[in-house]
Amino acid sequence: MTGEKVLEIHHLSKTFGTNVVLRDIDFSVNAGDVTCIIGASGSGKSTLLRCINLLETPTTGEILYHDVDITDRKMNVPSYRTKVGMVFQSFNLFNNMTVLENCLVGQIKVLKKDKEEARKKAMMYLEKVGMAPYINAKPKQLSGGQKQRVAIARALAMEPEILLFDEPTSALDPQMVGEVLAVMRTLAKEGLTMIIVTHEMAFARDVSSRVVYMAGGVIEEEGAPADIFGNPKKNSTKEFLNRFMQG
Amino acid sequence: MSLPSDFFGRIVFILQLYGPSFLSGAGKTMAIAIVGTFIGCIIGFAVGIIQTIPVIKSDNPIKRFLLKLLKFILNVYVEVFRGTPMMVQAMFIFYGSSVLFGINMSTVFAAYFIVSINTGAYMAETVRGGILSIDQGQTEGAKAIGMTHFQTMVNVIMPQALRNIMPQIGNNLIINIKDTCVLSVIGVVELFYATKGVAGAYYTYFEAFGITMVIYFILTFTCSRILRYWEKKMDGPDSYDLATTDTLAYTSGMVKFPDPKEKEDK
Ligand SMILES: Nc1ncnc2c1ncn2[C@@H]1O[C@H](COP(=O)(O)OP(=O)(O)O)[C@@H](O)[C@H]1O
Ligand SMILES: [Mg+2]
């Protein structure tokens, strides 16, 4: 069902105390979209993702998931989160569990799947990210890139409709960035709906269907990757990209 | 039988005559310490978990009020029992329960009760600290796959907190083995009380308490070794086995990665 609107954000704002972090954010996501969010550190990218996942409560505005406002108090938040997964910069794998258990626990405890089915699914996704041989390892025994691939498999095992990535490669040594991006490219090709906060501009240009540039808590500019990277309309976007490309 | 004149002779004499007293005293000491630590841990976990339940603004006001009230009462419990000597608590509870409420506790029941709630107060703080020490990312990882607060606690946070506070549980057990001797003030016949009786009979304080020193040390030392072994077992193996062939039968859509170990070989 590519093209159908799955997520719509209207006039979203978020304030911490007196600090306005997000201001009147509007955007929507269609099924199959890969949306990359770029922008300087502190511009509110993480907060936006965390609001979408309800790890932060939006101050005002609405977030419609299939036309249902998830900021409503009556919303069943855990059940919504099984549909909208999240991959973190710092992996957040469960340290008390093996790789396989990390991918099983949500399926069994939250989705109430039976063990055999859950195991098959977990193995399928671990194979996809190339971590199947490591099912018996504990997170502390893995490299950063391996941990992030497991974290992606854990999120996929829930079979979410949308997957959010918050700088999934920023905590990695340079030689491990590629292996995680490769997995994400595959997922994009397969049509998974993703919202990705990233500083990997080449990746954003090649993979995304749309790029959102954020600055100071607002969306400065959004559009097709070719436009944003090749022909940005706003000066601030141009300056950000120039600064970024220079390093 | 008369008392030998040399030190070791007297030790042997006392052991022959009063061995069973020492054993039953030691048994009572261990029973109180183990049961008290165990129940104390349960109390501590319950209290510690309640104290870390977040008060959410979106909850209804009555629920928020009750939660705050409960936390306040539990705080009072923790502070009072941590802030007063167990010996005084023992006297207060044992005699107070009969004066105030007309309850006649047996000394043994009082012993279990006092050690349990005393340990509970210490463990509550330990558990609370143990829960708060777990990285916030663990909670967020759990929430992100749809776990509720309760599921997150049971599956992710508590197992890690429990592992982190194992040394503290062990410490509490050892402290309880030693501190049960204060219960002699309410007439609990544990190791210290039993020893006093033995020592008084022939006026052999040095010898009797020499034996008791050794017994206490054996008890605490053995327990700390067992607990350390248990901690190691909880950590699991240091290395892991790579899973073998059948899981490597990759399905379609697989991304191939070089094995990091192969790279190192080159
Ligand atoms: N929990 C919080 N409390 C207060 N301020 C916060 C909190 N989280 C983020 N902020 C502030 O919000 C701003 C945006 O942060 P963030 O969304 O993490 O930006 P980005 O991910 O783009 O780097 C920053 O100024 C940060 O200090
Ligand atoms: Mg961020």
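Q: Which residue puts a polar backbone atom 2.7 Å from an oxygen atom of ligand 1?
A: That's G42(A), in what is a predicted model; a polar backbone atom of G42(A) is 2.7 Å from a ligand 1 oxygen.

Q: And what about side chains, say S46(A) and ligand 1?
A: An N or O atom in the S46(A) side chain is 2.6 Å from an oxygen atom of ligand 1. T47(A) also has a side-chain N or O atom by the ligand, 2.5 Å from an oxygen of ligand 1.

Q: Which residues are around ligand 1 overall?
A: There's a run of A40(A), S41(A), G42(A), S43(A), G44(A), K45(A), S46(A) and T47(A), plus F16(A) and V21(A).

Q: Helix α1 of chain A, where does that lie?
A: Helix α1(A) covers residues 45-52 and lies across β1, β2 and β4 of chain A. Its direction is at about 120° to β1(A), the strand of residues 5-16.

Q: What's the strand order in the four-stranded sheet of chain A?
A: The order is β2-β1-β4-β5, in an open sheet with antiparallel pairing.

Q: Which strands stand at the edges there?
A: β2(A), residues 19-30, and β5(A), residues 68-69. Each has a single partner strand, so one side of each has no neighbour in the sheet.

Q: How many bridges join β1(A) and β4(A)?
A: Five, with the two strands antiparallel. One detail of the pairing is that E8(A) has L64(A) of β4(A) as its bridge partner.

Q: Which residue of β5(A) is the bridge partner of L64(A)?
A: D69(A) is the partner of L64(A) in β5(A). Y65(A) stands opposite V68(A) in β5(A). Strand β4(A), residues 60-65, and β5(A) pair antiparallel over two bridges.

Q: What does H66(A) do in that hairpin?
A: The hairpin of β4(A) and β5(A) has two residues between the strands, and H66(A) takes a positive phi near 50° there.

Q: Parallel or antiparallel for β3(A) and β8(A)?
A: Parallel, with four bridges joining β3(A), residues 34-39, to β8(A), residues 193-197. C36(A) stands opposite I196(A) in β8(A).

Q: Now chain B. At what angle do α6(B) and α8(B) pack?
A: About 170°, with the axes 10 Å apart. That makes α6(B) roughly antiparallel to α8(B). The helices span residues 149-179 for α6(B) and 205-235 for α8(B).

Q: Which residues make the contact between α6(B) and α8(B)?
A: From α6(B), they include L162(B), M166(B), L173(B) and I177(B). From α8(B), they include Y216(B), L219(B), L227(B) and W230(B).

Q: How many residues of that contact are nonpolar, polar and charged?
A: The contact of α6(B) with α8(B) has 12 nonpolar, three polar and four charged residues.

Definitions and conventions. Residues are numbered from 1 along each chain as its sequence is written. Chains are lettered from A and ligands numbered from 1 in the order in which they are written. This is a predicted model: local features need pLDDT of at least 70, side-chain atom pairs count only at pLDDT 80 or more; totals for chains, interfaces and linings use all residues. Side-chain values use heavy atoms; hydrogens and water are left out. Axes are lines fitted to C-alpha atoms, for helices over the stretch in contact, and angles run from 0 to 180 degrees between N-to-C directions. Angles under 35 degrees count as roughly parallel, over 145 as roughly antiparallel, 65 to 115 as roughly perpendicular and the rest as oblique. Contact means heavy atoms within 4.5 Å. Ala, Val, Leu, Ile, Met, Phe, Trp, Tyr, Cys and Pro count as nonpolar, Asp, Glu, Lys and Arg as charged, and the others, Gly among them, as polar. Two strands pair if DSSP finds at least two bridges between them. A residue is near a molecule or strand if one of its heavy atoms lies within 4 Å of it. A polar contact is a pair of N or O atoms within 3.5 Å; within protein, one must be able to donate a hydrogen and the other to accept it, and residues adjacent in sequence count only if both atoms are side-chain atoms.
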